[in-house]
Amino acid sequence: MKTYDLMIIGPATRDVNIDYTGAEDRSAGGAVTFCTPAARAAGAEVFAAVKIAPADGDIMEGFHMDPADIALLPSEKTTLMKNVYFTPDRERRDASCPAQSGPILPGEIPDVDCRLYHLAGLLYGDFPNELIEFLHTKGMVSADAQGFLRHNENGRLCFHDWADKLKYLPYMDFLKTDAAEAEILTGLTDRTAAAKQLYAWGAREILISHNTEMLAYNGTDLFTCPVKARNLSGRTGRGDTTFAAYLAMRMTGAGMEEALLYATACVSLKMETPGVFQGTRADVEAYIREFYA
């Protein structure tokens, strides 16, 4: 049986993105959609478990994966997301969610040999607590904090602290937040202090994304790496791309500093073009030589 380095689990979406000029783009999105190609490009063996309505099965074609490496987890609805960006750097936006897919349950997880299970969530409710507990018995677990902080309240997206964080952060071998999410979880605006608090609460290795740099911490070592993107036309999916590349590098033997450099270079390159990362590991390594020498 094939052994996968990581399984990326989460809902894919139908996205409507409107930039600050009013230009509209419709595409498939979601953390699982952005994570998967970035992890595969880094050289990891990846399985994608994608929660969508079967009627939206065309989304699966966009993954360009062997059918044995991807599974559709059926849902009554496919998550629909709308993002309206107010600035060229896409840091200010209004996000709404007209529809949300159903929760992913333990019995839906494909029975494949996998070392790390990544919860690539979008909204609170994507992953019930029993799923976290189940995956913890099967292998290592990683998560994007977004899936536990962002709530869909009648279509409006609102952030609230994770009520169960003290119980479930110790289940997380890897945890990713952005700077705002780290502040919601910890009450701390300093990213280093927030990473240390998340570690003290039980997460073993933390990555915090920011528009200027990425930070990684494991209780002993702390590394940062600057973002070098020459434009931000592909800002959507920044955190997902970074974390997936980082996880792939870590699961294939890289140390934290090497993994963070690769992941930051990967997302810097990705942000220069809209959509998912479509480059190769060689492209990222060339970008490192040019901009991170």
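Which residues have the most contacts inside the largest nonpolar core? I looked them up: L6, I8, V50, F63 and Y246, in a core of 57 residues. For my own record, a nonpolar core is a set of buried Ala, Val, Leu, Ile, Met, Phe, Trp, Tyr and Cys residues joined through side-chain atoms within 4.5 Å. Buried means under 20% relative accessible area, exposed over 50%, partly exposed in between (1.4 Å probe, protein chains only).

Ground rules. This is a predicted model, where local features need pLDDT of at least 70 and side-chain atom pairs count only at pLDDT 80 or more, while totals for chains, interfaces and linings use all residues. Residues are numbered from 1 along each chain as its sequence is written, and side-chain values use heavy atoms, with hydrogens and water left out.

I checked V50 next. Leaving aside residues up to four places away in sequence, V50 touches G10, A12, V32, M60, F63, I70, A71, L72 and L73 (contact: heavy atoms within 4.5 Å). Another core, of 38 residues, lies apart from the largest one and has Y4, A49, A143 and A145 among its members.

On to the sheet. I read off nine strands in an open sheet with mixed pairing, in the order β5-β4-β1-β8-β9-β12-β13-β14-β15. Strands (E, at least two residues) and helices (H or I, at least four) are DSSP runs, numbered from the N terminus; two strands pair if DSSP finds at least two bridges between them. The edges are β5 (70-74) and β15 (222-226), each pairing on one side only. β8 and β9 run parallel and are joined by four bridges, with L116 opposite M140 in β9.

Then helix α3 (129-138). Its buried residues are L131, I132 and L135.

Last, the aromatics. I found seven aromatic pairs, counting rings of Phe, Tyr and Trp (its six-membered ring) with centres within 6.5 Å; planes under 30 degrees apart are stacked, over 60 edge-to-face, the rest tilted. F127 and F148 make a tilted pair, 6.2 Å centre to centre with 45° between planes. The two sit 21 residues apart, F127 in the loop between β8 and α3 and F148 in helix α4. W162 and Y168 have ring centres 6.5 Å apart and planes at 15°, so that pair is stacked.
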